[in-house]
Amino acid sequence: MMPSSEALLALILLSVLLSLTSHRLLTLIHIMAFQGIMVSLVPLFHEKHHTLAIGSILLLQVMILIKGFLIPGFMLAAVKKIKMRREVVPLISYHASLFIGLIFIVVSAFIADRIQGTLPGKQTVLIIITAITTLASGLFLLMSRHKAFTQVIGYLIMENGIYLFGTALAKQTHTQYIVEFGVLLDLLVGIMVMGIILTNINDTFDDVDTAYLGELKD
Amino acid sequence: MLEFICLIPLFTGIIAMFLPVSIGRVILVVTALLHLQLTVMAWIGKVKPGLPYYFSTSPDGLLVLLVTSFIFLVISIYAVSYLSETEMTSEPIYIGCTLFFLASMSMVALADHLIVLWIAIEATTLMSAPLIFLHRSKSALEATWKYVMICSVGIALALLGCFFVVLSMEIGHVTEAITYSALSKVATQLNPTWLKAGFIFLVIGYGTKMGLAPMHTWLPDAHSEAPSPTSALLSGALLNCAFLGVYRSHQLLFKAGLGDFSSNILIGFGLLSMLVAAVFIFNQSGYKRMLAYSSIENMGIIAFGVGIGGLATYGAMLHLIHHSLIKSSLFLSSGNILLGYGSKLIANTGNMARLFPKTCTAFFAGFAGISGFPPFGIFVSELLIILGAFQKGRTISISIFILALVLIFAGASRLVMKMCFGKYKQGVLVDENMARVLPSYALLLASLILCVWLPDSLYQTILSAIATIGGSTNG
């Protein structure tokens, strides 16, 4: 794998850590857009894809368009509409979140080291580390934040991690764009439904804090 | 064309969205009838798939399809009467989405391709979310948010599981199609480590949808907030479809010689679900939530039975059929209770035996059935699972299993007694009527008939469905 791809992965890791500490929603969305573009570019530098087919280049562009511009644009519009700027005090503080993010990196380095031997062909460990860290951080963000909006962003980051995993592991010849297709479908549809409910939460409660959603419990 | 089973509800759903409600209700019932007819034709092998790469008829899929189709027909008849009694602001959307929901569930039952199955299960979430959300109350909103959020995360993890299965193909140099039927023929060549990892993610993903603990938290909320016909569909049909995803993966692992690994995971999840249900059902305040926890328990029983294998697998398949029939019947009765008392809380109900004698009969009989009393089918299925587990020498798990069953019966019976025979002073809002009671009776009757007389074709289909994981009636 080329060094440029490792730089790309390092940038993704950085953006993940940044997303764990940022409390302004606009910053979070910008980070999301940046991360989306970086993640879509990874297959380009991946050694397996040296011979890129027309189809995969097209898909790559669609990925960048959706992850880098369409979804962030949609979210920006939503933020403007619901007049919300920042996350309230989260369940787990920002410093602690950052620390947990670092722990994720260490743990995923350990896991990646263990599973590398079973993988076919030459693999760099870094892409697996990045994938696991992104996945775990997304899940963590989803669980530790109050605002429904941040939870959606957590879901998006998690989806990025899954996409990275898919590109790292699967050969294009065999999967026939299953990875790209699956992730795109998941994203588009998920965001659509979540967006609709999000605006409804906002209309009903004048806020998108899920702390209001606490009536149903045992 | 087999695909018509999915396409017909899809088209009629679109049509129903643009037509007045009175025609929409007719379309709902007519589609249900057509669907059942097509299902029966698929059952006797008259329809062939147009895209055999993506769709096929497997015995387990057919079983789930038939149950879904039958229940849908009964529920659609109930829904017509229920809808005329409640004021629903967007009824065309409700009817349309219910039909889309049927289409996506049929797709799950017929899918053979790994990714098509995944897409179909994702589609069931999306099609049913508007159904839960329809009342637009704060609690309905909360339930929908939890449902969409938790299930989306689960489904995303299942996608990762699919990637892992594909990876295990690559490492094993398997070039077959990514379908369950093709893979199970070459299962031994798949890389076992990644296949196991894939199975764990698939079980967590589809298990979220199926309501296995600890991923069950959306289920009581969604089932209690949805309109009653939808609750009945969610519990009686959707959970089976999610189970099918788990079952197919288990089949694959069994063929690959990793049956012990996947069985133990299923047994663990199954017992945990039953225990969680037992704890939460004990002091439950809402009757629909009580039924929802009972669904978690029964999904746990099915997972447990499949995990045990042998005779218990046969029991689990019977349990799947009878749970669907009886639980939908109970949810339909709960719709009448909700209309009658105007509250979902057990504390605001009572004296059903006097006020709603017909509903009370259906509800009480349904409760007896779900608790495992004869003459209903769950008696047989639970007995077979227990016998199967004893044959395999699983003494510790079976004692936990029986303990959970007893706890759940003790917890729920207190609540049901209060509802049926407790004191109630105020008047009732809506009286029961035959159109809303007969569907409950029909479902219970179906369970009763299937308990004493199992048609031979059904019996053979169950046998061939469980033969793939080494199950048989001989233990």
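A residue counts as buried with under 20% relative accessible area, as exposed with over 50%, and as partly exposed in between (1.4 Å probe, protein chains only). The model here is predicted, so to speak of local features takes a pLDDT of at least 70, side-chain atom pairs count only at pLDDT 80 or more, and totals for chains, interfaces and linings use all residues. Residues are numbered from 1 along each chain as its sequence is written, chains are lettered from A in the order in which they are written, and side-chain values use heavy atoms, with hydrogens and water left out.

Let's start with the salt bridges. Side chains of opposite charge can pair when their charged atoms come close. With a salt bridge taken as a side-chain nitrogen of Lys or Arg within 4 Å of a carboxyl oxygen of Asp or Glu, the structure has seven of them over all chains. One of these joins Arg436(B) to Glu85(B), at 3.3 Å from N to O. Arg436(B) sits in helix H18 (residues 434–452) of chain B and Glu85(B) in helix H3 (residues 59–85) of chain B, so this pair ties together parts 351 residues apart in sequence. Helices are DSSP runs (H or I, at least four residues), numbered from the N terminus. Glu85(B) is partly exposed, because its relative accessible area is 35%, while Arg436(B), at 1%, is buried.

Next comes Lys146(B), whose side chain meets that of Asp221(B) in a salt bridge (2.8 Å, N to O). Lys146(B) belongs to helix H6 of chain B and Asp221(B) to helix H9 of chain B, so parts 75 residues apart in sequence are tied together. Salt bridges with shared partners join these two, Glu142(B) and Arg289(B) into one network. Lys146(B) is partly exposed, at 23%, but Asp221(B) is buried, at 1%.

Now for the open spaces. A pocket is an open set of points on a 1 Å grid over the protein atoms alone, where a 1.4 Å probe fits, with protein on both sides within 12 Å along at least five of seven lines; its lining residues have an atom within 4 Å of a point. The largest pocket holds about 1,200 Å³ of space. Its lining has 45 residues, and those closest to the centre are Leu139(A), Leu142(A), Met143(A), Ile150(B) and Val153(B). H6(B) gives the largest share of this lining, nine residues. As for the second largest pocket, the volume is about 620 Å³, and H5(B) gives the most to its lining, with eight residues.

Definitions and conventions: Grid points are joined across faces, edges and corners, and a volume is the space filled by probe spheres set on the points. Helices (H or I, at least four residues) and strands (E, at least two) are DSSP runs, numbered from the N terminus.
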